[in-house]
Amino acid sequence: MEKIIAEKLTDEIKLAIRSMLNDRPELMAGQIAAELAVTELEVVSQLPEGQFALLSLSEKDSLLEELPTWGPMTTIISVSGSIFEFKGAFPKGKYAHGYYNLITKGDGLHGHLKLDDISAIALLSRPFRGQESHAINFFGAKGEVVFKIYLGRDKKRVLIPDQVSRFKALKQLAAV
């Protein structure tokens with residue numbers, strides 16, 4: 001899949017993406033994608049080695065089953081320039097009626113994921129505002145981000161070590 005993404009890009013666009021990632025690290029991948037008229041998936045595919053890995057879609061169900069055990073994280077959904085954030089544990093879910101239904105009793109993130117439309121799951125490790133940051137990005141059929149899950153931080157804004165270990169294990173799985 002990584003190779004397929006890269007093959008769609010001209011050398012000129014690849015160079016432009018890499019230059020922007022390097023010269024303007026404060027830019028989000030979505031901003032670069034909009035500026036260069038490419039997809040966000042194409043942008044993140046050009047991140048330096050170690051910052052980007054694709055998890056096989058065959059691992060999607062086991063990932064979604066495992067995520068609720070990771071503890072508090074930040075789930076982000078971007079729609080038409082607006083950004084919605086939820087801080088807390090990613091909920092358990094189950095398949096029904098063509099969706100993966102997030103099950104939350106009471107308060108918390110809930111909704112219905114159309115997982116058949118997910119084309120890629122990217123594992124990103126990229127500094128954000130000068131701090132180590134790791135995220136799991138779910139992409140739609142057009143290379144757009146459907147939602148992102150950032151690893152959680154403690155009260156001192158330090159990444160939760162157990163989550164970092166689990167994330168790195170996922171990246172190892174992606175490398176296989």
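Buried means under 20% relative accessible area and exposed over 50%, with partly exposed in between (1.4 Å probe, protein chains only). Helices (H or I, at least four residues) and strands (E, at least two) are DSSP runs, numbered from the N terminus. This is a predicted model, in which local features need pLDDT of at least 70 and side-chain atom pairs count only at pLDDT 80 or more, whereas totals for chains, interfaces and linings use all residues. Residues are numbered from 1 along each chain as its sequence is written, and side-chain values use heavy atoms, with hydrogens and water left out.

Helix H3 (residues 29-36) has Ala29, Ile32 and Ala33 buried. Viewed down the axis of H3, its buried residues fall within an arc of 100° (the arc of the directions from the helix axis to the C-beta atoms), so they line one face of the helix. The face of H3 turned away from that buried side carries the exposed residues Ala34 and Glu35. After H3 comes Ala37, whose phi is positive, near 55°.

The structure holds 3 aromatic pairs, where rings of Phe, Tyr and Trp (its six-membered ring) pair if their centres lie within 6.5 Å, and planes under 30 degrees apart count as stacked, over 60 as edge-to-face and the rest as tilted. Two of these pairs are tabulated here.

| Stacked pair | Centre to centre | Angle between planes |
|---|---|---|
| Phe90 and Phe147 | 6.2 Å | 10° |
| Phe138 and Phe147 | 4.3 Å | 10° |

Ring pairs link Phe90, Phe138 and Phe147 into a cluster; Phe138 is buried at 0% relative accessibility, and Phe147 is buried with a relative accessible area of 5%.
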